[in-house]
Amino acid sequence: LVGHTGSVTCLAVTLDGSRIISGSKDKTVRVWKLDTGDEEILFVGHTSHVRSVALSVNGSLVISGSHDGSIKVWNLATESLAMSLCGHIDGVNSVAVSADGTRVVSGSDDH
């Protein structure tokens with residue numbers, strides 16, 4: 001897949017297998033069509049490299065965690081930022097969504 005200008009640091013695949021979500025050192029999150037390899041959506045908003053991506057249970061949201069300490073929730077349908085979650089004082093290493101879809105959890109360098 002061609003598009004990122006920095007190393008790809010994380011990946012997720014939609015439950016239906018139709019899309020790949022990638023995060024990169026170029027500070028972006030990109031959505032790709034798996035069958036063609038075409039970039040479908042570009043999400044811009046982090047101020048440092050993206051370390052982790054996850055998908056909501058229903059597949060409508062992408063969650064990204066960054067070295068900038070933020071977690072961003074992106075809406076796939078509107079191709080826009082739904083919300084930013086702040087609270088970490090250091091980089092976010094991992095993000096995940098609870099099985100019932102009600103919580104986003106994260107791991108960070110700040111413990």
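Visitor: How should I read a relative accessibility of 29% for Glu 40?

Guide: Glu 40 counts as partly exposed at that value, because this class takes in what falls between the buried limit of 20% and the exposed limit of 50%. Please keep in mind that this is a predicted model.

Visitor: Which residue does Glu 40 form a salt bridge with?

Guide: The partner of Glu 40 is Arg 19, with the closest N and O atoms 2.9 Å apart. This pair links distant parts of the chain, since Glu 40 lies in strand β4 and Arg 19 in strand β2 (residues 19–24), 21 residues apart. Arg 19 is also partly exposed, at a relative accessible area of 21%.

Visitor: How many salt bridges does the count come to?

Guide: The count comes to four. One of them joins Asp 109 to Arg 51, at 3.1 Å from N to O. Here too distant parts of the chain are linked: Asp 109 is in the segment after β10 (104–108), Arg 51 is in strand β5 (residues 50–55), and the two are 58 residues apart. Asp 109 is partly exposed, with a relative accessible area of 35%.

Visitor: What about Arg 30 and Asp 26: are they buried or exposed?

Guide: Both Arg 30 and Asp 26 are buried. They form a salt bridge whose closest N and O atoms are 3.5 Å apart.

Visitor: Let's turn to rings. How many aromatic pairs are there?

Guide: There is one aromatic pair. To read such a pair, check the distance between ring centres and then the angle between planes. The centres of the Phe 43 and Trp 74 rings are 4.7 Å apart and their planes meet at 20 degrees, so the pair is stacked; the cut-off for that class is under 30 degrees.

Visitor: Which strands hold Phe 43 and Trp 74?

Guide: Phe 43 is in strand β4 (residues 39–44) and Trp 74 is in strand β7 (residues 71–75), so their pairing ties together parts 31 residues apart in sequence. Phe 43 counts as buried, at 2% relative accessibility, and Trp 74 is buried as well, at 3%.

Visitor: How do I read the strands around that tryptophan?

Guide: A general idea first: side chains in a regular strand alternate between the two faces of the sheet. Now to the pairing. β7 runs antiparallel to strand β8 (residues 80–85), with five bridges between them. Lys 72, for example, has Ser 84 in β8 as its bridge partner. The two strands form a hairpin with four residues between them, and Glu 79 in the turn has a positive phi of about 55 degrees.

Visitor: Which residue takes a positive phi in the hairpin of β1 and β2?

Guide: Gly 17 does, with a phi near 75 degrees, and five residues lie between these strands. Strand β1 (residues 8–13) and β2 are antiparallel and joined by five bridges. Val 13 stands opposite Ile 20 in β2.

Visitor: Finally, how much space lies in the largest pocket?

Guide: About 160 Å³. Next, read its lining: there are 13 residues, and those closest to the centre are Ser 56, Leu 61, Val 97, Gly 101 and Val 104. β6 (61–66) and β8 are the elements that give two or more residues to the lining. By class, the lining has eight nonpolar, four polar and one charged residues.

Note on methods:
Residues numbered from 1 in each chain as written. Predicted model: local features only at pLDDT ≥ 70, side-chain atom pairs only at ≥ 80, totals over all residues. Heavy atoms only, no water. Phe/Tyr/Trp six-rings, centres within 6.5 Å; stacked < 30°, edge-to-face > 60°. Buried < 20%, exposed > 50% of the residue type's maximum accessible area, 1.4 Å probe, protein only. Pairing = 2+ DSSP bridges. Salt bridge = Lys/Arg side-chain N within 4 Å of Asp/Glu carboxyl O. 1 Å grid on protein atoms, 1.4 Å probe; cavity = no way out; pocket = protein on both sides within 12 Å on 5 of 7 lines; lining within 4 Å. Points joined across faces, edges and corners; volume = space filled by probe spheres on them. Nonpolar A, V, L, I, M, F, W, Y, C, P; charged D, E, K, R; others polar.
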